[in-house]
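Dear colleague,

I am handing over the structure below, together with some notes on what was found in it. Please keep it open while you read.

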Amino acid sequence: MIRLPRFTYHAPRTLAEVASRLADAPGETMLLAGGTDLVPNMKRRQQVPRVVVGLKRVEGLRGIRNGTGFTIGAGTTLTDLVRDDRVRAGCPGLWQAAAQVATPHLRNSATIGGNLCLDTRCTYYDQSYEWRQAIDFCMKKDGETCWVATSSPKCLAVSSTDTAPMLQALGATVRLVSASGERTVEVADLYRNDGMAYLTRRPDEVLADVAVPPQDGWRSAYWKLRRRGSFDFPVASAAVAARIDPEGRVEQIRIVLGAVASRPMASPAAEALIEGEVLGDDLIARAADVASGVAKPMDNTDYELVWRKKMVRALIGYALRDVRGDDTGPLRRALARQSLLDVR
Amino acid sequence: MTTPRTIGQPRRRVDARAKVTGQTRFADDVLLPRMLHGRLLRSPHPHARIVRVDTSRATAMPGVHLVLTGDAFPVAYGILPVSHDEHALCRDVVRFVGDPVAAVVARDEATANEALAAIAVEYEPLRTFASPEDSLAHAEPRIHDYGDVGNIHKVVALEFGDVDEAIAGADHVFDDVFFFEGNTHLPLEQHACVATKDPDGKLVLYSSTQTPHYVHRALAKALDLPAAHIRVIATPNGGGFGGKSDPFNHEVVAAKAALLLDRPVKFCLTREEVFYCHRGRHPVLMRFRTGVTKDGRLTGVDLRTLLDGGAYGSYGAASTFYTGALQTVTYQIPRYRFRGCRVFTNKPPCGPKRGHGTPQARFGQEVQLDKIAHHLAIDPADLRLNIVAPADSLTANYLKVGTIGLAECIRTVVDRSGWREKHGRLPHGRGVGLACSSYLSGAGLPINWNDLPHSGVQLKLDRSGGVTAFCGATEIGQGSDDVLVACVAEVLGIAPFDVRAVTGDTDLTPVDLGSYSSRVTLMMGNAAIQAAERARELLAEAVSAKLEVPQARLTFAEGRVFDAEAPDRGLTFREAVCAAEARFGTIGTTGSYTPPKSPARFKGGGVGPSPTYSYTAAVVAVEVDPETGWITVPTVWIAHDIGRAINPVLARGQVEGSVYMGLGEALMEEQAFRRLPPRLSRALVHKFPSILEYKSPTSLDMPEIVTDLIEHPDPAGPFGAKEVGQGPLLPIMPAVANAVFDAVGVRVDEVPITPEKILKALAAKAAGKPARTGPAAYPENVPWPEPLHVTPPWEGGDGRASNTRASSGRKADAGIEATAGVKS
C-alpha cells in the first residue's frame, strides 16, 4: 500500500489551540478534519505538511445550530448534513449537493469545512509521486509546467467541491479564526480562480463555521454531472437559488457553476437577464446560454471538454426548471442514477 | 442415476461463511514470523535503455536487507512457450512506464519505499511507440528482438474456403470497421504474495494467482530450481478475471529474495501497480467484410483484426487467434477468412481478460448483424434465428459444436423483454438491442503441449466418514471449491458440507491447469466425478459383501448406502467407508480429465477447440437523451445456455457479474494513455491508474437484470454443465450499441459508448453525413502473409491445410494454441 510521509500530529481541544498551532508554523501546517481529501493527497505526496492538526476533538466544531438561517459547524459531517431535516426542507439545494458528494462511507467522515477547502483537482496532479515523476511533475507540485495548457501562466486545477457553489448561491458566509482574531467572509470571496492559490483563507486561519442566511421565500437546486451514480467528483455542476413571487416573477436569483474553473463561477449577466422576469422556457434557454459562457472546462477531468461545456448549459437549464417548480424527477433519476432527489 | 440431491439445488457456497465473516485468508493476510517487505522500483520512462543502476545508497540504508537488479535474473520467462520475453527485473531496456527495474526488501514497506528513492538509475530514452499505427510504421528500434517483423509481434492468416468468391457472389456486401478500446480487470484484491523457505530449505510461494501451476513452472525456470523443490499455494483470489493468470515480476522477485535471505518476503502491489501488471483486454481495430444473401444468410466473412499488445507477449499470440476463432460457432458461416496482427507498443502488456480476445470481434460481428438486419428489413432476432449453427456439427474452421441452446436463448430474451412490441416501435430516445455470443467451456489444448490430463482430482476417504477432495483448481471467487465439493457429494450421496476441498496447492493437490478459459467446472468436474465414482465402486463392493445385496441395487443418498429395494437395509456412509477400508485398506481414488482431440489439423487450429460451447443471448434496453447524449440502461434480459447449473446461485451470480462487467466495457471503462506534447516530453503514461478515475460502474449504475438459465445437459459436461463465467459478458457491449441505434438512429461503432460519441453521431446525421461515430479505416500497411488454406468440411476438407507454408511465423506454434480468458 502507499504509505504516509512522516509528520507531527496535534489533536487540540479548542479552536484557540488550533489557531495557535497554525500560528506556530503557518506554511507547514495543515488541518485534518475527515481526512478524505488530505490523507490520500499526503500518500501521493501532493501535500507534505510537516505538522498536521486534527480537528476531530475540537469542541463545538460539529453540529447545526439555528440562528437567523442556520449555522453549520465546520466539523459537521456531510452525513450529519444530509440527515438534518431542517437542511433538507429549508435548503434543498444544499441537501442535494451534500447528498451527492462521494459515497456514504466517505460522507460519514468528510466534513462541510473540508469540502469547502477541498484541494483543486486535475488528472495531471491527482496521481502518485511516481506517476508525476514520469511526466516530470506539474506546476501545482514539484514541477514548472501546467500540462493542461503548457503556455498557461497559472495552474488550471479544477474546483471540485459540491457544496461551495451551492453555498455561494445561497449567499452563505464562513467564519475564519486565527490567533490574531476572526473575520467573516462571503463564500463568494473565499475563492480565487487559481488552481494553486484557490483559497483566500490565510495559512494561519481555520474555517470555524458556515452561516446560511434565512431561506424564507427562496428555492434552491443543485445539479451535478459525473460519470457514475456515486463516488465521483463533479466535472460540472450548476447551483441555483432564487426568490420567486407568487406570480412566478423572479425577484432575485443567483447562478453559480462548479467544476468548470479553479473556483465556483457566478454568472451575474444571466442573473440580470432573469431578475424581474417570469422563467419561461425561452428565458431559461437564453439564460443557460449566457451563464454557460463563464464555464471554461479544460482537458483535466473525466469526460471530454467540449461535451462538458455543452452539459453545463443543460445543467443550468435543469436547475432553473427545478426552481421554477417543474417536475424534474425523471431527469434527476437519469442523470444522478438514483432517486435521492425527490425533495419537496 | 437417481434424482440429483445437490446438483441443481440453489445452495450457499461452501466458502461463504469464511468470506462473509472475514476469515478467508487472502495473500495479504499471510503473516509469517520474521517476515520482510518488498517493493519494486518501476521505470518512469516508456522506452529507454538502462545505462547504469546505482544501488549503493539504498543498500547502505538501515533496515534494508536486500537490493536486487536485473543482474540477479538472467533467465527469461513468460506464460506462453513462444514468448518468454520477461525478466523479473529489466536488464537492458525498460518498455513501459511501470516496468520494474530494481527491488528492495526491507524491514517494512516505508523503509523499502525510502530505499527505492535512493536508487539512482541512468536511462537513455528510446523512441516511444504509443499506438499500433506507430508500431506498423516504424520497425526500429524494436521493442523486442523477436516477433514476426519489426515491432509486429504476430501475424496470422487463415482461410477456410474461397471467401472472395463467396463475397462476390453475395446479394449484399457489408464492410464495417469497428474499434474496441482496451480495459482492465479491476479485481478488488490487489496482487500480493509471500515467499518463504520451508524448514527443509525448499521454496514456498503464497500468491493471489489464478494459475499456480504456471507460476510453479515459471519459478522453476526463472530461478533455475527443480520444480519438485518449489511449492506454490494459490490463496483465494479477491477476483481475478484473467488479471492474475501470468507469472508476475513480484512473485519471482519475492521467491529469489526469500531464498537469498532465508526469511519470508511479502509483496503487496498498490492499485497503480495492478494497472501496470494489466494483461487486460487488447484494444482491437477490426474490419468485417461480410457477404449476405437477400434473405439474410451469410455467404462468407472476411475478418481483419489489429491488436495493440503493449510491451510484452503475455498470452498475446493466443489472444490474436482468439479474435478470429469463435465467430463460427454461433452462426452458419460457409466460408471464412481471418487475419490478425498484434503489435508491441510501450504500454503495459495486454493479455486475457474475461472473454479473452473474443469480445472485441464479437462486438463487431453482432453490431454488423444488426446493420444487416436493418438494411434487409428483417427483425434482428429472426435474422439470427435463421442462421444459428446446427447442433453436433463442424464449423468452417473445424470447431466441434455439440449442444447449442442459442435459439432457445434468443426466443427466451425476445419473450421476456417484449422485444416484438418494442424493437423499432419505442418513442425516439428509447430503444432495445439484441446480441448473442458463445464461449469455450475450457480450452481444448494446454498452454504447454503435452498428453497429460488438464485436471486431476484425488479423494481421501477415511473411517471418520469424512471425504477430502484435492485438486489444483484455484478459487478466484467464481465458486470452484463449491463445484468440486458438489460433484463429489452428489456421486457419494452425502451432503456438500461433509466434503472438504483442498485446492490450489502444488505440493498437496494434483495438477489442474488453472482458473482460466472457463475450464474449471467442466474439466475439474469431470475429474471429480471419475474419482468419486471409483470411490463409490469400492464402497459398493464392500457394502455389497457385508449386507449381501447386489451392487447394482445399492443406492448412495442422504448419507447412507442402502438397498434400493429395501431402503431400511443399509449402512451409514461412515460405516460404508469403514467396511471399504477394512476390505481394501486405505481408501483413496483419483480422477482426471483430458479434452477430446480436435478435428482441426492445421497450424493455428489449436485455438478455439473446446469440449463444448456455452451460448448466450441478451436484450438491453436503453434510454438516450438526444439533447445531451446521456445514456441510461434500465433493464437487461439475458438467457444463458449453461447445459446444467451445478449451483444456480453461483451461476446466476456469474451472469449478473458478467452483465456488470459488460456494461462497464460498453459504457465507460478505458485503459487509456496520455502523451504529452512531443516537443516537450517523451512521456506516455496511463491516464488514470486509480480505482477512482478508471471508471467502472457502481451499484447505483446497475440496471435490473432478468436472468434465465437454459438447461439442456451437454454430454461433455459434468452432470451436463457448460461454462458460465465468461460467455454472458460478450453480448452486452454489442447489445448496448444496437439499442442505441434503435433509440436514436445512430451507430457508435466502438466502445466505450459515451454520451459525447452519441452526440457526435447525431450531429453527423443532422449534417447529412454517415450517422455514426467510429474508426474511419483499417490500415493498409499490415504485411499479411499468404493465408493457410483449409477447405471447409462441407467442401470435402479433412481439417488439413492445402498449402504447407506457415501462416504465422517460423516456429512451431506449440503452446500458443489454447489458452482463453479467465473468469471469476
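Two strands are said to pair if DSSP finds at least two bridges between them, and helices (H or I, at least four residues) and strands (E, at least two) are DSSP runs, numbered from the N terminus. This is a predicted model, in which local features need pLDDT of at least 70 and side-chain atom pairs count only at pLDDT 80 or more, while totals for chains, interfaces and linings use all residues. Residues are numbered from 1 along each chain as its sequence is written, and chains are lettered from A and ligands numbered from 1 in the order in which they are written.

In chain B, three strands form an open sheet in the order β22-β23-β24, with antiparallel pairing. Because β22 (554-557) and β24 (566-572) of chain B are at the edges and have a single partner strand each, one side of each has no neighbour in the sheet. Strand β23 (residues 560-563) of chain B is joined to β24(B) over four bridges in the antiparallel sense, and Arg560(B) has Thr572(B) in β24(B) as its bridge partner. Helix α15(B) packs on this sheet and touches β22, β23 and β24 of chain B, its direction making about 125° with that of β22(B); axes here are lines fitted to C-alpha atoms, for helices over the stretch in contact, and angles run from 0 to 180 degrees between N-to-C directions. Contact means that the C-beta atoms of two residues, placed from the backbone, lie within 7 Å. Helix α16 (residues 573-584) of chain B also packs on the sheet, where it touches β23 and β24 of chain B.

Turning to another helix, α3 (residues 109-117) of chain B has as its buried residues Thr111(B), Ala112(B), Ala115(B) and Leu116(B), where buried means that 20 or more other C-beta atoms lie within 10 Å of a residue's own. These residues lie on the same side of α3(B), because they cover an arc of only 145° around the axis, the arc being that of the directions from the helix axis to the C-beta atoms. They pack against β1 (36-42), α2 (56-60), β3 (64-69) and β5 (100-106) of chain B.

Finally, where the chains meet, 34 residues of chain B are in contact with 28 residues of chain A. On the side of chain B that touches chain A, α3 and α19 (755-766) of chain B each supply at least two residues.

How values were computed. Buried ≥ 20, exposed ≤ 12 C-beta atoms within 10 Å, placed from the backbone.
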